[in-house]
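User: Let's go through this model by question and answer. Keep each reply brief.
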Amino acid sequence: MDVRNDSVDVEQIMKQVRARIREKRGVDYTEEEIRELASVKLERFLDPKGVRSDLLEQYRSRREASTTPRNYAFEDTTIYESSRPFLRALRKLLNPILKLFFNPTPVVESLHIQSKLNDSYNQAEALYYELIHNLVLETTRLGIEVKNLKMRVESMSSRLDFDERRARALEGVVQYRPGAVAPLQPPAGGGDRERGGPVGSVSNQAAEAERRNRRRRRRGRRRPGGHQSANGERQAAANGGDAAPGDAGGASFEPPPPAGDAGGGSAES
Amino acid sequence: MKLAVVVQRYGADINGGAEQHARYIAERLAKHAEVEVVTTCARDYVSWRNELAPGLETVNGIPVRRFPVTRERHPIEFGRRSQKVFDSVHSVADELAWLDSEGPTSPALVRYLQASADSFDFVLFFSYRYYHAWHGVRRLASRAVLVPTAERDPAIGLSIFGPVFRGARGIMYNSYEERAMIQAATHNERVPGVVVGVGSEVPARTEPTRFRRRHKISRPFAIYIGRLDANKGCGELFDYFQRYAATFPRGLDLVLVGKPIMPVPKHHRIHHLGYLSDEDKFDALAAADLLIMPSYFESLSMVALEAWALGRPVLANGRCDVLKGQCIRSNAGLYYESYEEFAETLYSLESNGPLHARLGRNGREYFARHYAWPVIEKKYLDMFAQLKKQNASAAIEPLPSWLARRRREVPAANDILSRVPSGAVVRVDSRQGRIA
């Protein structure tokens with residue numbers, strides 16, 4: 001006993017589902033393989049999500065917490081300075097004796113340069129701070145934007161997918177009146193058209209009628225008594241140009257049911 | 001004909017799967033035979049605390065005899081013993097100690113059955129893994145008809161259950177997968193058995209609009225009915241559904257019905273309604289587009305059958321052999337084994353009207369053909385008639401000797417289970433009752 005209902009085959013549907021998933025993935029990885037690949041990626045490569053939006057805050061707090069010593073100007077007279085003028089004068093007086101022991105000039109010069117360097121470093125640090133501040137803001141903003149765009153792309157692709165499947169589903173349920181012409185088919189190969197195509201195909205009938213009209217027009221021009229041909233043309237025009245008056249025996253195309261019904265006009269596509 | 005239905009808990013308000021199954025069967029068989037229910041005083045399946053009065057009472061017209069449980073279950077002790085018998089080489093004595101710790105330990109119930117055995121033609125034992133079924137079948141083997149309600153869990157690999165499955169007079173299986181698993185684990189092919197399952201009290205008329213109005217749900221939705229428990233696959237369902245909702249912003253909502261054992265995520269498309277009355281539950285099922293069954297282990301999903309009875313397709317977890325098999329055999333549901341499959345199948349059911357309608361129709365037909373009450377009742381009555389014609393087989397295999405019971409040579413139950421073939425049963429040979 002086969003306990004299955006034959007009209008729908010769930011196993012077949014599941015095969016189609018899996019085939020669709022394979023198509024989307026490109027390669028048929030298992031869940032575990034995908035997880036493994038994802039984890040390897042995160043380990044080996046720089047993760048762009050690693051740029052934290054609180055980086056700026058951390059940087060700022062660290063900067064405030066650090067106690068940077070005050071910079072000072074160092075000139076050639078700095079080593080003799082004193083709050084007492086007498087002492088300053090005495091040091092200057094004894095300077096030649098000091099120079100007997102060592103040469104203070106390179107020390108003074110290097111400290112002078114260091115002071116200048118400190119100044120420029122402080123200015124650069126302010127610039128770096130501003131730069132990092134702007135970079136973090138921009139990266140965060142871009143991250144959010146990328147996320148939004150991703151969601152929009154996913155949403156649009158799902159809607160597209162939905163529309164496609166809906167169209168396919170609706171095409172499958174379009175009803176035609178018995179004895180009516182089969183639905184309009186998209187153009188198949190040229191061979192079909194040459195052979196006459198499927199019986200009752202509206203496109204082929206239209207082409208055939210057009211050819212007959214052309215033949216009739218050509219004959220009409222050759223024949224005297226133009227009013228007859230003009231009548232014929234008028235009648236053809238009244239028939240929508242689709243069929244000659246003598247072709248009335250052909251079946252008529254039954255339009256699809258309104259959109260509210262299961263069918264929804266997809267026969268016209 | 002006089003029948004006894006023996007089950008671990010019983011009551012109109014007790015909603016465990018096996019307990020409800022037992023109640024439905026008792027009430028249905030009462031039309032054809034004199035039925036008495038023998039059960040415990042417990043209401044809670046975790047502690048087996050005595051909450052109901054011992055003695056005789058009547059529930060929905062069926063006499064119910066209750067016996068007290070002598071010891072409550074200690075979860076830590078039970079967990080320790082489970083780990084021992086499931087994961088390591090152990091002894092038969094360890095398994096018997098595990099059975100005692102699992103409960104519901106009610107020697108009075110077993111004594112009553114033994115004393116009144118002659119007054120019953122057959123005794124239906126529900127849930128093979130509990131104390132009452134093991135002791136009951138061993139003492140009343142010649143009259144015992146077992147309804148195992150077995151899932152694919154390691155208990156089936158315990159050596160003490162082999163003689164019970166081989167010694168019972170008949171076995172009423174819930175599904176082909178359950179039968180295949182039990183036969184592979186215990187080699188009880190000789191015992192008469194039939195795949196029956198259970199019907200459901202599906203109302204003839206449901207009112208989906210009443211449900212929508214009462215719970216203010218206007219959008220189309222998929223429904224899950226059952227305990228909201230990680231063991232039932234709900235964690236995976238929440239994860240998958242949230243991902244699906246992000247991908248399909250205008251897709252189905254998810255309605256959850258049942259007692260929460262785990263936190264339910266806050267999401268504008270997930271609606272948790274808590275426990276619902278039967279009337280509300282069936283209205284909800286009728287209002288839903290489909291039922292989702294995320295459980296990994298089921299012996300028979302009654303709610304899936306109810307969904308099919310109401311013409312609703314089911315989306316099941318394909319890692320559960322029983323659910324997958326049911327979907328394939330009925331051609332009334334799809335299944336998933338990964339997020340991609342979940343998204344694709346849910347989307348197909350949501351967007352493909354003709355497919356949805358066809359699956360729903362198949363479900364209705366499948367339920368009517370296999371799970372309508374007349375079909376279920378007939379299978380039970382046929383089984384009793386068949387067993388009456390046959391002589392009772394030899395006595396049940398005895399337990400090993402005192403010394404042999406203490407020999408640590410029984411393999412871990414998980415090892416036994418891993419050797420039991422798994423998978424959905426797609427084709428069934430009706431003459432042999434075997435997988436084709």
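User: How many residues does chain B put into the contact with chain A?
Analyst: This is a predicted model. Both chains take part in the contact. Chain A gives 26 residues. Chain B gives 28 residues.

User: Which element supplies the largest share of the side of chain A that touches chain B?
Analyst: Two helices of chain A, H1 (10-25) and H6 (105-173), each supply at least two residues of that side. The largest share is 9 residues. Its source is H6(A).

User: Which strands are the edge strands of the open sheet in chain B?
Analyst: The sheet has 8 strands with mixed pairing, in the order E3-E4-E2-E1-E5-E6-E7-E8. An edge strand pairs on one side only. In chain B that picks out E3 (55-59) and E8 (193-195).

User: Which residue of E4(B) is the bridge partner of Thr58(B)?
Analyst: Strands of a sheet pair through backbone hydrogen bonds, either parallel or antiparallel. E3(B) and E4(B), residues 62-67, run antiparallel and are joined by 5 bridges. In E4(B), the partner of Thr58(B) is Pro63(B).

User: What angle does the direction of helix H5 of chain B make with that of E5(B)?
Analyst: H5(B), residues 131-139, packs on the sheet. The helix touches E1 (2-6), E5 (122-126) and E6 (144-147) of chain B. Its direction and that of E5(B) make an angle of about 150°.

Technical notes. Residues numbered from 1 in each chain as written. Chains lettered and ligands numbered in written order. Predicted model: local features only at pLDDT ≥ 70, side-chain atom pairs only at ≥ 80, totals over all residues. Contact = placed C-beta atoms within 7 Å. Helix = DSSP H or I, 4+ residues; strand = E, 2+ residues; numbered from the N terminus. Pairing = 2+ DSSP bridges. Axes fitted to C-alpha atoms, helices over the stretch in contact; angles between N-to-C directions.
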